[in-house]
Amino acid sequence: MTPLVTAAVLVAAITHAGWNAIAHRITDKLVGFTLIAGGGMLIGLVLAAFTAFPAARAWPYLLSSAVVHIAYYALLMRSFRLGDFGQAYPLARGSAPLVVTVLAAVFAHEVPDGWAAAGVALSCAGLTGVALWGLRGRRPDWAAIGAALATGLTIAAYTVIDGLGVRASGSSLGYIAWLMAVQGAVLPAYAVHRWRGRTAAVLRPFAALGLLGSALSVLAYALVLWAQTRAELAPIAALRESSVKPYSYSNNFAGQGLMRLA
């Protein structure tokens, strides 16, 4: 992995952690994720007008990824509701790189060497340890842990799907633009149906914060997709998950720490 790719993934990690902290800060999770997804859709539509259209062979990956991302949003909202942010988030993110390593070996024929595999395992153990350390002296909330692990599986799934898709697309910017446009329409549509005539009133108090989260979300994933065209999937996944999160969660001030970093 070149220094430029490494730097891009580290920036992606910070911005990704930032938008998740914003989502946690908005008490009503449907409001937060509606704004983030809807803002991402608008950004994607604007980008789509100025970028290359993804190649036809990339669309099965793109559409599959959109479905998995919707499941990811639903599970992440559930994880935030059930468990402490400082435990649910690193558990979800920390479990993903190991699964990515297996899936990448099967579907992308990328088998890491011994040092890379050890690095992925160490990263996952460290992040999972941060989450489990917070459980000391308390009875585990198995529902919250299960939701976090399920979230991690969706992360691993869309990471590999998008890694293959962006490589087939011919344009990483075109791929992220259309991915955001497609997946971003679902949550806002559901929210409008649920809130009906109250939608604007419900969203207005958090609009600025939510739209900031959407911009960070698009930037974070665009950087990751670009990196996936230039390096193997598993090391990128591990580096993305391990950069700033251990420091941010170590004192159980995840939201505040990540907001400052972002």
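Analyst: Let us begin with one residue of this predicted model. Arg-167 has a relative accessible area of 32% and is called partly exposed.

User: Why is Arg-167 called partly exposed?

Analyst: Buried requires a value under 20% and exposed a value over 50%, with partly exposed in between. Arg-167 stands at 32%, so the term partly exposed applies.

User: What makes Arg-167 and Glu-110 a salt bridge?

Analyst: The closest N and O atoms of Glu-110 and Arg-167 are 2.6 Å apart. The cut-off for a side-chain nitrogen of Arg and a carboxyl oxygen of Glu is within 4 Å, so the pair qualifies as a salt bridge. The two residues belong to distant parts of the chain, 57 residues apart: Glu-110 in the loop between H4 and helix H5 (114-133), and Arg-167 in helix H6 (residues 142-169). A search of the whole structure finds 1 salt bridge.

User: Is Glu-110 buried or exposed, and how do you know?

Analyst: Glu-110 has a relative accessible area of 11%. Buried means under 20%, and therefore Glu-110 is buried.

User: Which residues does Leu-233 touch, and what makes them contacts?

Analyst: Leaving out residues up to four places away in sequence, Leu-233 touches Val-100, Ala-104, Ala-108, Glu-110, Val-160, Gly-163, Arg-167 and Gln-228. They count as contacts because each has heavy atoms within 4.5 Å of Leu-233. Leu-233 and Glu-110 are 123 residues apart in sequence, yet their C-alpha atoms are 7.8 Å apart in space. Leu-233 is placed in helix H11 (residues 233-242).

User: Why does Leu-233 count as buried?

Analyst: The relative accessibility of Leu-233 is 0%. That value is under the 20% limit, so Leu-233 counts as buried.

User: What about Ser-95: why is this residue called buried?

Analyst: Ser-95 has a relative accessible area of 18%, which is under 20%, so the term buried applies. Ser-95 is located in helix H4 (residues 85-107). Apart from neighbours within four places in sequence, Ser-95 is in contact with Thr-128, Leu-149 and Gly-152.

User: Which residues gather in the patch of positive charge?

Analyst: Arg-78, Arg-81, Arg-194 and Arg-198 form this patch on the surface. Arg-81 belongs to helix H3 (residues 59-82). At 56% relative accessibility, against a limit of over 50%, Arg-81 counts as exposed.

User: How many helices and strands does the chain have, and how much of it is buried?

Analyst: The chain has 13 helices and 0 strands. Buried residues make up 52% of its 262 residues.

Notes. Residues are numbered from 1 along each chain as its sequence is written. This is a predicted model: local features need pLDDT of at least 70, side-chain atom pairs count only at pLDDT 80 or more; totals for chains, interfaces and linings use all residues. Side-chain values use heavy atoms; hydrogens and water are left out. Helices (H or I, at least four residues) and strands (E, at least two) are DSSP runs, numbered from the N terminus. Buried means under 20% relative accessible area, exposed over 50%, partly exposed in between (1.4 Å probe, protein chains only). Patches are made of residues with over 30% relative accessible area and no salt bridge: like charges are joined within 9 Å, nonpolar side chains (Val, Leu, Ile, Met, Phe, Trp, Tyr) within 5 Å. Accessible areas come from the Shrake-Rupley method with a 1.4 Å probe; for residues, only the protein chains shown count as cover. Lys and Arg count as positive and Asp and Glu as negative; His and the chain ends are not counted. The place of a charge is taken as NZ of Lys, CZ of Arg, CG of Asp or CD of Glu.
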